[in-house]
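Thanks for asking me to take a look at this one. My notes are below, in an order you can follow with the structure open beside you.

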Amino acid sequence: MARRYNIRRVKIHRSYEVSEAAKLLDVSKRSINRWIDAGLPLVVRKRPRLILGKHLREFLQAHQPKKQPCRAGEIFCVGCQTPQRPAFDEVEYIPKTATTGLLAGLCPVCASMIYRFTTTATLAAASGDLKVAGHPAQQRLCDSPDPSLNVHLKEEKS
Ligand SMILES: [Zn+2]
């Protein structure tokens, strides 16, 4: 989730169809569906599928880029709705720009991929004592052989 949404538009006591929620937040229905796949709960699973405003708000609050409740070595799992220490004590650094990237790991509880935004400056604080594959400091030394990895990951399109 690369941008901040206007959470205040979401009424806690209302429920929204996927298309309504998309319009409200100015995102595509595909984004909403992706959030549902990523753990946004549905009140009604049959069509029209309904999302409770309260859940939508909580989901967005938990995933706004600036909100980072995780401690060093933890990544927030969307499925579990809690910070998790990645399986095998291992993450992969996926560069997005020269100075920013994502730490990608595996949730040990639900086995989803989990991601944490980081910058090269905060990488050490974010990763703590985890092993970091593709660490930017290492890449500068030995030229990564596979630079094309997951470039499109988590791009939000509306
Ligand atoms: Zn999980």
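The points below go from the overall layout to the metal site, the cores and a few local details.

1. A word on the source before anything else: this is a predicted model, so please read each value as computed from its atoms. The protein chain has 158 residues, and 36% of them count as buried.

2. Starting at the N terminus, their order is β-α-α-β-α-β-β-β-β-β-α-β-α. Taking the contacts with a separation of 6 or more, 51% are between residues 24 or more positions apart. The chain's accessible surface is about 9600 Å², with 53% of it belonging to carbon and sulfur atoms.

3. Which residues hold the zinc ion? Its protein donors are the SG atoms of Cys 77, Cys 80, Cys 107 and Cys 110, at 2.2 to 2.3 Å. The angles among these 4 donor atoms run from 101 to 113°, and the site is tetrahedral. For comparison, the ideal angle for four tetrahedral donors is 109.5 degrees. Along the sequence, the spacing of the donor residues is C-x2-C-x26-C-x2-C.

4. Are these cysteines buried or exposed? Cys 107 is buried because its relative accessible area, 2%, is under the 20% cut-off. Cys 80, at 22%, is partly exposed, and so is Cys 110, at 34%. As for sulfur pairs, the structure holds 0 disulfides.

5. Next, the packing. The largest nonpolar core has 20 residues, and Leu 25, Ile 32, Trp 35, Ile 51, Leu 56 and Leu 60 have the most contacts inside it. Helices α1, α2 and α3 are the elements that each give two or more residues to this core, and α1 gives the most, with 5. A second, separate core has 11 residues, among them Ile 75, Leu 103, Leu 123 and Leu 130.

6. Two parts of that first region deserve a click. Leaving out residues up to four places away in sequence, Ile 51 touches a list of residues including Tyr 16, Val 18, Ala 21, Ile 32, Ile 36, Leu 42 and Leu 56. Helix α3, residues 53-63, has Gly 53, Leu 56, Phe 59, Leu 60, Ala 62 and His 63 as its buried residues. Their cover includes β1, α1, α2, β2 and β3.

7. Tyr 5 sits in the segment before β1, and it is buried, with a relative accessible area of 7%. Between Tyr 5 and Gln 61 there are 9.1 Å from C-alpha to C-alpha, although they are 56 residues apart in sequence.

8. Finally, some backbone details. Most residues other than glycine have a negative phi, and most peptide bonds are trans. Against that background, Arg 47 and Pro 48 are joined by a cis peptide bond, with omega about -5°; Pro 48 is in the loop between α2 and β2. Asp 26 has a positive phi of about 60° and lies in the loop between α1 and α2, where it is exposed at 52% relative accessible area. Phe 88 also has a positive phi, near 65°. Its place is the loop between β4 and β5, and it counts as exposed because its relative accessibility of 66% is over the 50% cut-off.

Terms used: Residues numbered from 1 in each chain as written. Predicted model: local features only at pLDDT ≥ 70, side-chain atom pairs only at ≥ 80, totals over all residues. Heavy atoms only, no water. Disulfide = S-S within 2.5 Å. Buried < 20%, exposed > 50% of the residue type's maximum accessible area, 1.4 Å probe, protein only. Donors = N, O, S within 2.8 Å, 3.2 Å for Na, K, Ca; no water. Tetrahedral: all angles 85-135°; square planar, octahedral: opposite > 155°, others 65-115°. Helix = DSSP H or I, 4+ residues; strand = E, 2+ residues; numbered from the N terminus. Contact = heavy atoms within 4.5 Å. Core = buried A, V, L, I, M, F, W, Y, C linked by side-chain atoms within 4.5 Å. Areas by Shrake-Rupley, 256 points an atom, 1.4 Å probe, with all protein chains shown as cover.
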